Amino acid sequence: MEGIVKAVCISTKKGTEKQNIHACTFIKDFGLENDAHGGNWHRQVSLLNYEAEMEFSNKVQGIHYGVFGENLLVSGIDFKSLPVGTILKCNDVILELTQIGKECHSGCNIFKQVGDCIMPRLGVFAKVIQGGTIQEGDCMVVEGKNSALRAAVITMSDKGSMNQREDKSGPAIVEILEEAGYEVVETMILPDDQKILEKHLKRLSDQRQVHVILTTGGTGFSMRDVTPEATLAVMTRNAPGIAETIRYESMKYTRRAMLSRGVSVIRNQTLIVNLPGSPKAVKESMEIILDSMKHGIEILIGSASECAR
């Protein structure tokens with residue numbers, strides 16, 4: 001699949017519309033030179049399909065390139081149909097898709113004017129893997145896909161989210177995952193709030209399309225422990241065996257393992273597993289599930305088949 005670049009847009013100040021500058025230098029691990037939204041994060045470059053914007057502009061007068069917040073407007077590539085991890089190449093520039101769509105928090109200027117905005121539905125985001133220059137008329141090619149399994153780690157802790165307690169469990173999970181070959185694309189510490197956790201579980205599953213989300217903390221009997229409730233609220237299918245095995249095997253270390261309410265579920269093509277809150281219990285749990293978890297993920301995404309061992 002290939003397309004043609006129709007516009008190259010930047011905004012030098014956040015909160016302002018992007019303007020077409022026709023050509024720009026793309027900087028590795030940053031984004032477009034002088035673009036206010038560049039930086040060391042996963043949404044360095046925004047892309048939008050040219051045909052979709054033209055269809056919208058035919059209905060609404062006064063639409064100009066960059067108005068939806070897109071850096072690159074490209075004809076011929078349906079970005080929304082591509083999975084996260086897709087590699088795009090244009091001249092020397094190599095981009096990797098990191099997010100599909102986005103949440104429109106307060107309504108951009110175009111939404112306020114006409115009551116609609118296509119970027120949250122049809123736009124995608126990427127990071128710059130290799131830098132170079134892109135200008136109008138250049139050819140962009142879909143080159144393939146990053147095959148690494150992507151993971152996210154969420155620590156649930158009121159005190160941790162307020163920097164009143166050091167998080168040791170989250171980093172322990174990250175270290176184990178990276179040693180096992182996973183690409184940990186996002187980590188965060190959240191307060192014990194069910195709605196906040198639900199929002200991030202949905203975002204990481206649907207927009208960032210991670211293969212697995214591991215949470216730590218919030219699985220006990222306290223009234224503030226709501227991690228299982230949030231996880232069950234976002235699931236599309238149950239996968240109870242993982243959580244059951246963690247509890248069963250953890251009983252060999254402590255009888256109090258029976259008090260864990262952690263669950264394991266599937267949301268579309270993302271596995272979500274609740275782990276206990278202590279670093280020791282996290283390491284024990286990861287040792288229990290790591291091998292089988294990877295096989296389950298590969299079955300879920302279609303890269304492996306069911307087989308008896």
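1. A cavity here is a set of grid points where a 1.4 Å probe fits but cannot get out. The model under discussion is predicted. By a search of the whole structure, two cavities of 30 Å³ or more are found.

2. The second largest cavity has a volume of about 30 Å³. Its lining consists of Ala-243, Ile-246, Arg-247, Ser-260, Gly-262, Asn-274 and Pro-276. Helix H8, residues 241–250, gives the most to this lining, with three residues. By type, the lining residues are three nonpolar, three polar and one charged.

3. Ala-243, part of that lining, also meets Ser-264: the backbone nitrogen of Ala-243 is 3.0 Å from a polar atom of the Ser-264 side chain. The backbone oxygen of Ala-239 lies 2.4 Å from a polar atom of that side chain. Ser-264 belongs to strand E16, residues 264–267. Ser-264 counts as buried because its relative accessibility is 1%, and buried means under 20%.

4. The largest cavity has a volume of about 40 Å³. Among the residues lining it are Val-84, Lys-127, Arg-150 and Arg-208. Strands E8 (93–100) and E13 (183–190) each supply at least two lining residues, and E8 gives the most, with three. The lining divides into three nonpolar, one polar and five charged residues.

5. Helix H6 covers residues 194–207 and spans 19 Å between its first and last C-alpha, close to the expected 20 Å. Asp-193 caps the N-terminal end of H6, with a side-chain oxygen 3.1 Å from the backbone nitrogen of Lys-195. The buried residues of H6 include Leu-197, Leu-201 and Leu-204, along with Glu-198 and Arg-203. After H6 comes Gln-209, with a positive phi near 50°.

Methods: Residues numbered from 1 in each chain as written. Predicted model: local features only at pLDDT ≥ 70, side-chain atom pairs only at ≥ 80, totals over all residues. Heavy atoms only, no water. Helix = DSSP H or I, 4+ residues; strand = E, 2+ residues; numbered from the N terminus. Expected span 1.5 Å × (residues − 1). Buried < 20%, exposed > 50% of the residue type's maximum accessible area, 1.4 Å probe, protein only. Polar contact = N/O pair within 3.5 Å; in protein donor to acceptor, adjacent residues only side chain to side chain. 1 Å grid on protein atoms, 1.4 Å probe; cavity = no way out; pocket = protein on both sides within 12 Å on 5 of 7 lines; lining within 4 Å. Points joined across faces, edges and corners; volume = space filled by probe spheres on them. Nonpolar A, V, L, I, M, F, W, Y, C, P; charged D, E, K, R; others polar.
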